Amino acid sequence: MSQFTAIRRDLHQIPELGFQEFKTQAYLLGYLQSLPQERMEIKTWRTGILVKINGRNPSKTIGWRTDIDGLPIAEQTGLPFASTHEGRMHACGHDLHMSIALGVVTHFASNPADDHFLFIFQPAEEGPGGAEPMMASPEFREWMPDEIYALHIAPEHPAGTIATKPGLLFANTSELFIDIRGKGGHAAYPHETKDMVVAASYFITQLQSIVSRNVDPLDSAVVTVGKMTAGTVQNVIADHARLEGTIRTLSPEAMEKAKVRVQALLKGIETAFDCETEIDCGSGYYQVFNDPEVTGRFVQFATQQPDIQFVQSREAMTGEDFGFMLKEIPGLMFWLGVGSDYGLHHAKLTPDEKAIETAISFINRYFTHLGSR
Ligand SMILES: CC(=O)N[C@@H](CCC[C@H](N)C(=O)O)C(=O)O
């Protein structure tokens with residue numbers, strides 16, 4: 001087993017939620033401090049880390065970003081190195097993202113290029129979003145990169161595949177947290193209550209009309225309620241329901257429209273069911289938009305690599321707060337094939353670890369190409 005596969009397995013066992021990545025940060029710092037330090041500078045920002053490798057004759061700084069948080073999912077892979085944190089899992093591949101980033105740092109710590117490299121270990125990608133506040137920090141601003149790159153694992157492509165496209169790659173997102181409050185009571189006396197299970201059920205059904213009737217069919221959107229809680233026992237009418245979900249749209253305009261419609265539908269529920277509602281749109285991520293010129297250069301390089309199958313990808317309704325970095329800094333995100341029968345955010349996601357070495361070797365070559373004169 002390669003060194004970075006072993007590291008991936010260590011990290012896989014300690015998934016932590018956004019801004020709680022304390023063990024992860026300690027593990028990463030321990031490894032980074034074991035590398036040659038001559039050209040390396042390290043700073044921490046909350047639970048994240050910034051690592052700069054000073055170039056020999058720099059004219060620019062090239063950035064690489066990895067996310068480091070896990071998800072509130074109970075792992076069901078049965079792997080010997082499964083999560084040891086109950087109800088937490090690296091089900092979005094951030095364990096692979098981190099081990100690949102460490103592989104690239106390791107290479108350039110001993111083989112610096114002409115240009116500087118900045119490695120960003122960013123917390124809270126799954127929520128509430130670490131990229132925007134990290135970028136605004138003095139620690140980040142001091143080492144502001146001139147161009148920036150990141151990858152995301154893609155279970156639907158086999159290991160050895162890289163997929164991307166110029167322009168829009170990932171959607172705009174907005175979280176949704178909704179409370180609906182009425183009046184509880186005996187299950188046999190509904191006329192004396194305001195039943196929030198019924199109100200929430202109507203509301204969830206009405207939400208589906210946003211995509212089918214409000215958003216331009218040529219401008220896709222998704223409205224998903226991933227969690228619904230209401231009630232206490234089978235024979236008591238619930239006085240409160242809570243819904244947690246997310247909106248995804250291909251354009252910022254469709255996002256604005258969808259949010260307005262969610263609020264209008266909620267007002268209707270208040271009237272129809274004589275209840276009170278409260279909405280919190282949580283955090284929202286800006287779309288991932290790949291710089292066309294940077295992507296052109298990247299695709300040309302990737303298609304010339306004998307160990308890489310390059311695939312032109314489509315847009316995806318996933319969100320990524322890396323979009324905030326790309327809004328300010330030219331760069332791109334690409335999908336890395338990891339061939340798994342189970343997809344992202346699935347409790348049985350099992351990425352093919354061969355992709356780790358493929359990615360490290362590919363990025364080392366690409367960054368050497370970019371950072372040398
Ligand atoms: C790549 C990926 O899966 N990202 C997440 C980002 C979630 C943002 C936020 N918590 C939301 O749900 O809106 C995704 O679910 O796409």
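Two residues are taken to be in contact if their C-beta atoms, placed from the backbone, lie within 7 Å.

**Figure 1. Surroundings of His-345 in the predicted model.** The structure shown is a predicted model. Leaving out residues up to four places away in sequence, His-345 touches Leu-71, Ile-73, Ala-91 and Cys-92. His-345 belongs to the loop that runs between strand 17 (331-337) and helix 10 (354-371). The residue counts as partly exposed, because 14 C-beta neighbours fall inside 10 Å.

**Figure 2. The binding-site residues listed by UniProt.** An unreviewed UniProt entry gives Cys-92, His-94, Glu-126, His-152 and His-345 under "binding site". These residues span 254 residues in sequence, yet no two of their C-alpha atoms are more than 12.8 Å apart, so they gather at one spot.

Figure 3. Glu-126 is located in the loop joining strand 4 (116-122) to helix 4 (131-136). The residue is buried, since 20 other C-beta atoms lie within 10 Å, and 20 or more is the criterion for burial. Apart from neighbours within four places in sequence, Glu-126 is in contact with Gly-18, Asp-69, Leu-71 and Cys-92.

**Figure 4. Backbone features of the loop between strand 4 and helix 4.** Ala-124 lies in this loop and has a positive phi of about 60 degrees, although it is not a glycine. With 25 other C-beta atoms within 10 Å, Ala-124 is buried. Pro-128 has its place in the loop between strand 4 and helix 4 as well. The peptide bond leading from Gly-127 to Pro-128 is cis, with omega near 0 degrees.

**Figure 5. The shell around the ligand.** Cys-92, Glu-126, Gly-127, His-152, Thr-173, Glu-175, Thr-246, Tyr-285, Thr-318, Gly-319, Glu-320 and Leu-344 surround the ligand. Sorted by class, this shell comprises three nonpolar, six polar and three charged residues. Domain 1 (3-169 + 287-371) and domain 2 (172-284) both contribute residues to the shell, so the ligand lies between them.

**Figure 6. The contact between the two domains.** The chain is divided into domain 1 (3-169 + 287-371) and domain 2 (172-284). Eight residues from domain 1 and eight residues from domain 2 take part in the contact. On the side of domain 1 that touches domain 2, the classes are three nonpolar, four polar and one charged residues. A distance of 35 Å separates the C-alpha centres of the two domains.

**Figure 7. The segment annotated as "domain: Peptidase M20 dimerisation".** UniProt, in an unreviewed entry, lists residues 178-267 under this name. Over that range the chain is 39% helix and 31% strand. The C-alpha atoms at the ends of the segment are 12 Å apart.

**Figure 8. Arg-46 between strand 1 and strand 2.** Arg-46 is placed in the loop from strand 1 (40-45) to strand 2 (48-53). Its phi is near 45 degrees, a positive value in a residue other than glycine. Arg-46 is partly exposed, with 17 other C-beta atoms within 10 Å.

**Figure 9. The chain as context for the close-up views.** The secondary structure comes to 10 helices and 17 strands. Buried residues account for 43% of the 373 residues. Of the contacts between residues at least 6 apart in sequence, 80% join residues at least 24 apart. The C-alpha atoms fill a box of roughly 75 × 45 × 40 Å along the principal axes.

Note on methods
Residues are numbered from 1 along each chain as its sequence is written. This is a predicted model: local features need pLDDT of at least 70, side-chain atom pairs count only at pLDDT 80 or more; totals for chains, interfaces and linings use all residues. Helices (H or I, at least four residues) and strands (E, at least two) are DSSP runs, numbered from the N terminus. A residue is buried if 20 or more other C-beta atoms lie within 10 Å of its own, exposed if 12 or fewer, and partly exposed in between; C-beta atoms are placed from the backbone. A residue is near a molecule or strand if its C-beta atom, placed from the backbone, lies within 6 Å of it. Ala, Val, Leu, Ile, Met, Phe, Trp, Tyr, Cys and Pro count as nonpolar, Asp, Glu, Lys and Arg as charged, and the others, Gly among them, as polar. Domain bounds come from an automatic or database domain assignment. UniProt positions are given in the numbering used here, feature names are shortened, and annotations may be inferred rather than shown by experiment.
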